[in-house]
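User: I have a sequence and a structure to read. Can you take me through the features one by one?

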Amino acid sequence: MRLVFIGPPGAGKGTQCKRLVELLKIPHLSTGEMLRTVKRQETALSRWVASYIDAGKLAPDHLVMRIVAQRLQSEECVNGALFDGFPRTIIQAQLLDDYLEEQGIQLDMALELKAVEDELIQRLLKRAQVDGRADDNYETIRERLHVFNTQTAPLTEYYASQGKLEQVDGMQSEELVFNAIRLCVDRHQPNN
Ligand code: ADP
């Protein structure tokens, strides 16, 4: 199964993704993780990538698609993948659709985790104290939420028009969210 997971920062995507990849036995492709890996290398590219992440801005669409495509070519991705944090713009969604079409495959589902903004800010500030992620500071959190609302939220329309969208209330307990996600997965399982 191939699915994209859409949700604002702090909605609990990370936790649910971990459970979902265990259930479906597919690789977890997090572009945030991939870009942080690039950022840790001491190269010109890493400094360029850092300038986006540290400001809470989106990295360029074609760069992100290139990194994802590299990963999709690996053996582990032949039977499916969970895309976490990607696509984040309509252009990325189109690039992904084009790429998959060239390979003769397609997405089965787009899952959106819905959340209340005030709660997200509180969660992210708390996470900052635990994980120490450099982009979990108030200014960057506000920017990431703004970017989500303006650039990523329109993806729901894009996937709804393809009949692939499912929406789950992310403000429930972890268990209830996961149960709801499982029902969505059952509805969109490919027939092979
Ligand atoms: P969060 O969902 O908490 O914002 P992520 O780990 O998904 O965290 O992303 C962290 C940062 O990495 C983003 O703010 C952005 O700078 C960059 N990033 C991640 N995924 C993408 C993407 N698909 N396109 C562009 N930039 C991205």
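Analyst: A residue counts as near a molecule or strand if one of its heavy atoms lies within 4 Å of it. This is a predicted model: local features need pLDDT of at least 70, side-chain atom pairs count only at pLDDT 80 or more, and totals for chains, interfaces and linings use all residues. Numbering starts from 1 along each chain as its sequence is written, and side-chain values use heavy atoms, without hydrogens and water.

User: How many residues surround the ligand?

Analyst: The ligand is surrounded by 20 residues. The closest are T31, K57, G85, Q92 and R144.

User: How do I read the backbone?

Analyst: Most residues other than glycine have a negative phi, and most peptide bonds are trans. Here the bond from F86 to P87 is cis, with omega near -5°. P87 sits in the loop between β3 and α5. Helices (H or I, at least four residues) and strands (E, at least two) are DSSP runs, numbered from the N terminus. K25 is not a glycine, yet has a positive phi of about 55°. K25 is in the loop between α1 (13-24) and β2 (28-30).

User: Is K25 buried or exposed?

Analyst: Buried means under 20% relative accessible area, exposed over 50%, partly exposed in between (1.4 Å probe, protein chains only). K25 counts as exposed because its relative accessibility is 71%.

User: What about D97: where is its nearest side chain of opposite charge?

Analyst: Lys and Arg count as positive, Asp and Glu as negative; His and the chain ends are not counted. A salt bridge puts a side-chain nitrogen of Lys or Arg within 4 Å of a carboxyl oxygen of Asp or Glu. D97 lies in helix α5. D97 is buried yet has no salt bridge; K164, the nearest side chain of opposite charge, is 5.1 Å away. The side chains of D97 and Q162 make a polar contact of 2.9 Å.

Key
Polar contact = N/O pair within 3.5 Å; in protein donor to acceptor, adjacent residues only side chain to side chain.
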